[in-house]
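Please look at the sequence and the structure shown here before reading on. The briefing below goes through some features that can be followed in the model, grouped by topic.

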Amino acid sequence: MANTYFTEDHEWLRVEGGVATVGITDYAQEQLGDLVFVELPEIGRKLAKGDTAVVVESVKAASDVYAPVDGEIIEANTSLSSDPSLVNSAATGDGWLWKMKLSNASQLDSLMDEAAYKAHIG
Amino acid sequence: MTGEDTKHLPLEDLHNAAGARFGAFAGWSMPLTYPAGVMKEHLHTREHAGLFDISHMKLFAVGGPGAAALLDRACPLDAGALEISQSKYTFFLNEAAGIIDDLIVTRLGDNRFVVVANAGNAAEDEKHLSALAADFDAKVEPLDRVFLAIQGPDAWAALARASIETGSLLFMHGVEPRQNWFMSRSGYTGEDGFEIGLPEADARDLVAKLLQDERVQWVGLAARDSLRLEAGLCLHGQDLTPEIDAASAGLMWAIPKEVRASGHFIGADALRSILERGPSQKRVGLKPDGRQPVRAGAALVDADGNAAGHVTSGGFGPSTGHPVAMGYVSTALVKPGTRLFADVRGTKIPVDVTSLPFTPHRYRKG
């Protein structure tokens, strides 16, 4: 059973078996506008919570996406290399950014559930 | 993001109703995008007609027997040689020939001109021009207008349907079609189009009429920037600054030969000596390899890692389908096809020097 968590920085995490699939929320993709490039992370990179994992570039600007928890990158969504607009059209589905193996699952406790996130964005 | 001093557009309620997302630019709260998004807004402008609220820009009336002489002092211009209704792209220069602002001057009558200045420099421009006016028999009057741009191949037809005939007006000409209106065939997209300064009540009426036309849609500041960048047009504050001169910027075409040789404009001596020794850097187009945009501020190096210049504007070109940029490089490296590298977060992105514009201009010149 997968659990979905949200961060104040407008990321979502779907956690299953110690692995989190991470993306940005629909609200975030709307704020960024049309994406034209996603700089994907290297497999095997170890990230601490708050490190820049991915850079998403819209027509106008580049924005960092941070690691929401500690862990190691095990997969990047390479389909974004040819079609970055997947993040706009399917932010919480095919537009996922990376998968990471959690190294401190207790960090998930400080994240929001969907109801709390909805309240957060108003 | 919007502090107390932020200025608001007179038509802000219309942009809100249209679902605009706002952002700060040059002290103004400006519509950045509408629900269609930057990509579609950009392409719609190139295919049909985009409507832009550019009321953050400032119009000045310059009049009086000394008006032409005042402009000839403030700008590298022969204002008296302009035909009535003719517009000219020009600059305010400082004593070092640096560009204080880039402007469009239009002659409306024997002793009457209108100057269109950038939002970010409007206050400084007014101070500068008013101070100079004291030495001439001329008056500088900021105009209180809504300023709209309608740009794209269907712009003229959309205006015609809104009962505004543009038939005989050519690119870089401006007229006063109604009382307190100023309309020029000009713009910042590379497309055929018009810029119209008019009183707020008239503007509301015109916008309502134009938006009834399915060829017309609001376009925000984000697409205005990608359109002008593809068109190779400079943004003051990025591609032009008071530290950059017209020779380095590749804008000497805007300064008539006789004015270069013998004009008495501010900065004339400095510009002449720059021309004599040649600029050390020049503005060029830059085409990054691949899909990753290269942004303003990125350093450029040559194949051996030597400093080559820097990027002043960069982003993605929705019409070109690839990233586009411009910047300044050492004069030895300006040849189209020269391979350079831009530093983007520590990665060296290959970029090729290229001629501008990225998308051909489609002005109506005659």
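**The annotated glutamate of chain B**

Glu195(B) counts as buried because it has 24 C-beta neighbours inside 10 Å, where buried means 20 or more other C-beta atoms within 10 Å of a residue's own, exposed means 12 or fewer, and partly exposed lies in between, with C-beta atoms placed from the backbone. The model is predicted, so local features need pLDDT of at least 70 and side-chain atom pairs count only at pLDDT 80 or more, while totals for chains, interfaces and linings use all residues. Residues are numbered from 1 along each chain as its sequence is written, and chains are lettered from A and ligands numbered from 1 in the order in which they are written.

- Glu195(B) is found in strand S13 (residues 193-198) of chain B; helices (H or I, at least four residues) and strands (E, at least two) are DSSP runs, numbered from the N terminus.
- Leaving out residues up to four places away in sequence, Glu195(B) touches Phe147(B), Ala149(B), Ser184(B), Ser186(B) and Gly187(B), where contact means that two C-beta atoms, placed from the backbone, lie within 7 Å.
- An unreviewed UniProt entry gives the annotation "binding site" for Glu195(B); UniProt positions follow the numbering used here, feature names are shortened, and annotations may be inferred rather than shown by experiment.

**The annotated lysine of chain A**

- According to an unreviewed UniProt entry, the annotation "modified residue: N6-lipoyllysine" covers Lys60(A).
- Lys60(A) is found in the loop between strand S6 (52-58) and strand S7 (62-66) of chain A, and it counts as buried because it has 22 C-beta neighbours inside 10 Å.
- When its neighbours within four places in sequence are set aside, Lys60(A) is in contact with Gly33(A), and also with Val38(B), Ala222(B), Asp225(B) and Gly315(B).

**Chain B as a whole**

- Chain B contains nine helices and 20 strands, and 49% of its 366 residues count as buried.
- The C-alpha atoms of chain B fill a box of roughly 60 × 50 × 45 Å, taken along the principal axes.
- Among contacts in chain B between residues at least 6 apart in sequence, 68% join residues at least 24 apart.

**A sheet in chain B and the helices on it**

- Five strands of chain B form an open sheet in the order S6-S7-S8-S5-S9, with antiparallel pairing; two strands pair if DSSP finds at least two bridges between them.
- The edge strands are S6 and strand S9 (139-143) of chain B, each of which pairs on one side only.
- S5(B) and S8(B) pair in the antiparallel sense over six bridges, and Leu59(B) stands opposite Val116(B) in S8(B).
- H3(B) lies across S5, S6, S7 and S8 of chain B and runs at about 125° to S5(B); axes are lines fitted to C-alpha atoms, for helices over the stretch in contact, and angles run from 0 to 180 degrees between N-to-C directions.
- H4(B) packs on the sheet, touching S5, S6, S7, S8 and S9 of chain B, and its direction makes about 160° with that of S9(B).
- Helix H3 (residues 67-74) of chain B is mostly covered, with seven of its eight residues buried, among them Leu70(B), Leu71(B) and Asp72(B).
- The cover over the buried residues of H3(B) includes strand S5 (58-63), strand S6 (87-93), strand S7 (99-109), strand S8 (112-117) and helix H4 (122-133) of chain B.
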